[in-house]
Amino acid sequence: MLSRSLVTRSIKINRGLLSCRFYSDGSVGSQRPMGSGDSFTKREKVNEDYYVKQHEKELLKTLKKQLKEQREKLDHMENTLNKLHE
């Protein structure tokens, strides 16, 4: 049985997502002191951390792409404005 459960909440912020992880003690079994655990628990935490890190990388990549597109649009609008003022 799992001693902890992972809850991920996503919050929509300006076309992006912000993910937060919350750990809670499970309702099954006795509680363990912080820092102890069997190899399954440690491996599970490592896998969860890896997944979250990969997900955050994908979000960052998407946000950088959106930022680049917005900068290109802004540059185009500035060029158009400058041509009108000439």
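How many salt bridges does the count come to by the rule used here? Hold that thought while we walk through the model.

**Before you click.** This is a predicted model, so local features need pLDDT of at least 70 and side-chain atom pairs count only at pLDDT 80 or more, while totals for chains, interfaces and linings use all residues. Residues are numbered from 1 along each chain as its sequence is written, and side-chain values use heavy atoms, with hydrogens and water left out.

**Whole chain.** Colour by pLDDT, the predictor's confidence in each residue from 0 to 100. The chain averages 78, and 58% of the residues score at least 70. Now switch to cartoon: the chain reads β-β-α, with one helix and two strands. Helices (H or I, at least four residues) and strands (E, at least two) are DSSP runs, numbered from the N terminus.

**Select residues 4-13.** This is strand E1, whose mean pLDDT of 52 is the lowest among the elements of the chain, whereas H1 has the highest at 95. Where pLDDT is low, the predicted coordinates should not be read in detail.

**Select residues 39-85.** Here is helix H1, with 47 residues. Its first and last C-alpha atoms are 68 Å apart, close to the 69 Å expected; that expected span is 1.5 Å times one less than the number of residues. Show side chains for Thr41, Glu48, Val52 and Leu59, which are buried (under 20% relative accessible area; exposed is over 50%, partly exposed in between; 1.4 Å probe, protein chains only). Across the 86 residues of the chain, 7% count as buried.

**Select residues 53-84.** The unreviewed UniProt entry annotates this stretch as "coiled-coil region"; such annotations may be inferred rather than shown by experiment, and positions use the numbering here, with feature names shortened. The stretch is 100% helix and 0% strand, with its end C-alpha atoms 47 Å apart.

**Select Lys45 and Asp49.** Back to the opening question: the count comes to one salt bridge, meaning a side-chain nitrogen of Lys or Arg within 4 Å of a carboxyl oxygen of Asp or Glu. Asp49 pairs with Lys45, the closest N and O atoms being 2.9 Å apart. Both lie in H1, four residues apart, about one turn of the helix. Asp49 counts as partly exposed because its relative accessibility is 26%; Lys45, at 31%, is also partly exposed.
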